[in-house]
Amino acid sequence: GFEMNCMKKAATDEAIIDVVSSDEVMTDSCVVKVLDIGRISEQELDFESDFTLEVLRDGLCTGFVGYFDVEFNGDAKIAFSCSPSAATTHWKQTIFLLPKPAQLSQGLLIKGKFGCRRHVVHRRSLEISIS
């Protein structure tokens, strides 16, 4: 075998864009930010939000899953979701791996803070923190 520990930090530093099946999700979901694209200021794109997730089943957790829902409320109302429980879109989901998997028990509440900042140099890139 090969010793791969040296690659662990690099693997958990970058988010993974992939399809996550709803049967892989261990918790309920929560909204970390509502953005009104028609009215938002550039400064509001950088934010921190507290979150609480309830564990719905026992198991080994390897990361967090991020996704977005969209609603266009013009003359014709249009809405879709990129949730693991919705039909797959080309945006898929974003997976944030934990540095070390955690054994979770049903009923446990996970409380944390989700941070999102635009990259200083690459303005279309985001820097995400979960603590």
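**Salt bridges and a buried serine**

Glu-42 has a relative accessible area of 46% and therefore counts as partly exposed (buried is under 20% relative accessible area, exposed is over 50%, and partly exposed lies in between, with a 1.4 Å probe and protein chains only). The model is predicted: local features need pLDDT of at least 70, side-chain atom pairs count only at pLDDT 80 or more, and totals for chains, interfaces and linings use all residues. Residues are numbered from 1 along each chain as its sequence is written, and side-chain values use heavy atoms, with hydrogens and water left out. The structure holds five salt bridges (a salt bridge is a side-chain nitrogen of Lys or Arg within 4 Å of a carboxyl oxygen of Asp or Glu).

**Glu-42 and Arg-118**

- Glu-42 forms a salt bridge with Arg-118, with 2.8 Å between the closest N and O atoms.
- This pair links distant parts of the chain, 76 residues apart: Glu-42 is in the loop between β1 (16-18) and β2 (47-54), and Arg-118 is in strand β7 (residues 109-118) (strands are DSSP runs of E with at least two residues, helices are runs of H or I with at least four, and both are numbered from the N terminus).
- Arg-118 counts as buried because its relative accessibility is 17%.

**Glu-48 and Arg-117**

- The closest N and O atoms of the salt bridge between Glu-48 and Arg-117 are 4.0 Å apart.
- As for shared partners, salt bridges join Glu-42, Arg-118 and Arg-123 into one network.

**Asp-36 and Arg-39**

- Asp-36 and Arg-39 form a salt bridge in which the closest N and O atoms are 3.4 Å apart.
- Arg-39 counts as exposed at 71% relative accessibility, whereas Asp-36 is partly exposed at 39%.

**Ser-83**

- Ser-83 is in the loop between β5 (77-81) and β6 (93-104).
- The relative accessibility of Ser-83 is 8%, so this residue counts as buried.
- The side chains of Ser-83 and Ser-85 are joined by a polar contact of 2.9 Å (a pair of N or O atoms within 3.5 Å; within protein, one must be able to donate a hydrogen and the other to accept it, and residues adjacent in sequence count only if both atoms are side-chain atoms).
- Apart from neighbours within four places in sequence, Ser-83 is in contact with Tyr-67, Asp-69 and Gln-93 (contact means heavy atoms within 4.5 Å).
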